[in-house]
Amino acid sequence: MSLQEFEEYAAKAKTLPHTQTNEDLLILYGLYKQVTVGPVNTSRPGIFNMRDRAKWDAWKAVEGKSKEEAINDYITKVKQLLEAAEAAA
């Protein structure tokens, strides 16, 4: 899958219903950062900054993936969430 497809699905991800679980959103966030930035390049946020810490952890969890692998996983996850949203509607 290409970077252009990734960008299309990143736009589609913004249209997902707000009923997505935090876990799903964190998976998307980590994969998105892996594609757009690469490996984690910041230090882990402090324990009192739970939101940013969870986002950092999600990014760190996919750090070993190649850009192509992260693109494929991101698109697959967005497709799954879109299909689930359509089925629930």
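A salt bridge is a side-chain nitrogen of Lys or Arg within 4 Å of a carboxyl oxygen of Asp or Glu. Keep that in mind as we walk through this structure, which is a predicted model: local features need pLDDT of at least 70, side-chain atom pairs count only at pLDDT 80 or more, and totals for chains, interfaces and linings use all residues. Residues are numbered from 1 along each chain as its sequence is written, and side-chain values use heavy atoms, with hydrogens and water left out.

Let's start with those salt bridges. The structure has six of them. In one, the side chains of R51 and D52 meet at 3.7 Å, N to O. How open are these residues to the outside? Here we use relative accessible area: under 20% is buried, over 50% is exposed, and anything in between is partly exposed (1.4 Å probe, protein chains only). R51 has 60%, so it is exposed, while D52 has 32% and is therefore partly exposed.

Another salt bridge joins K60 and E63, at 2.8 Å from N to O. K60 is partly exposed at 38%, and E63 is partly exposed too, at 23%. Then look at K65 and E69, whose side chains meet in a salt bridge of 3.9 Å, N to O. Salt bridges with shared partners link K65, E69 and D73 into one network. K65 is partly exposed, with a relative accessible area of 24%, and E69 is partly exposed at 37%.

Now for the helices. Helices (H or I, at least four residues) and strands (E, at least two) are DSSP runs, numbered from the N terminus. Two packed helices are described by the angle between their axes and the distance between the axes. The axes themselves are lines fitted to C-alpha atoms, for helices over the stretch in contact, and the angles run from 0 to 180 degrees between N-to-C directions.

Find helix α2 (residues 22-36) and helix α4 (residues 67-88): their axes come within 9 Å and cross at roughly 150°. Angles under 35 degrees count as roughly parallel, over 145 as roughly antiparallel, 65 to 115 as roughly perpendicular and the rest as oblique. That is why α2 and α4 are roughly antiparallel to each other. Their crossing is left-handed, meaning the near helix is turned anticlockwise from the far one by less than a right angle (clockwise would be right-handed).

Which residues do the touching? Contact means heavy atoms within 4.5 Å. From α2, the residues include D24, I27 and L28, and among those they meet in α4 are K77, V78 and L81. Setting aside neighbours within four places in sequence, D24 is in contact with K77 and L81.

Helix α4 has another partner, α1. These two pack at an angle of about 35°, with their axes 10 Å apart, again in a left-handed crossing. Sorted by class, their contact has ten nonpolar, no polar and four charged residues. (Ala, Val, Leu, Ile, Met, Phe, Trp, Tyr, Cys and Pro count as nonpolar, Asp, Glu, Lys and Arg as charged, and the others, Gly among them, as polar.)

Finally, look at Y9, which sits in helix α1 (residues 3-13). Y9 is buried, at 13% relative accessible area. Beyond its neighbours within four places in sequence, Y9 is in contact with Y74, I75, V78 and K79. Y9 and I71 are 62 residues apart in sequence, and 9.7 Å apart in space from C-alpha to C-alpha.
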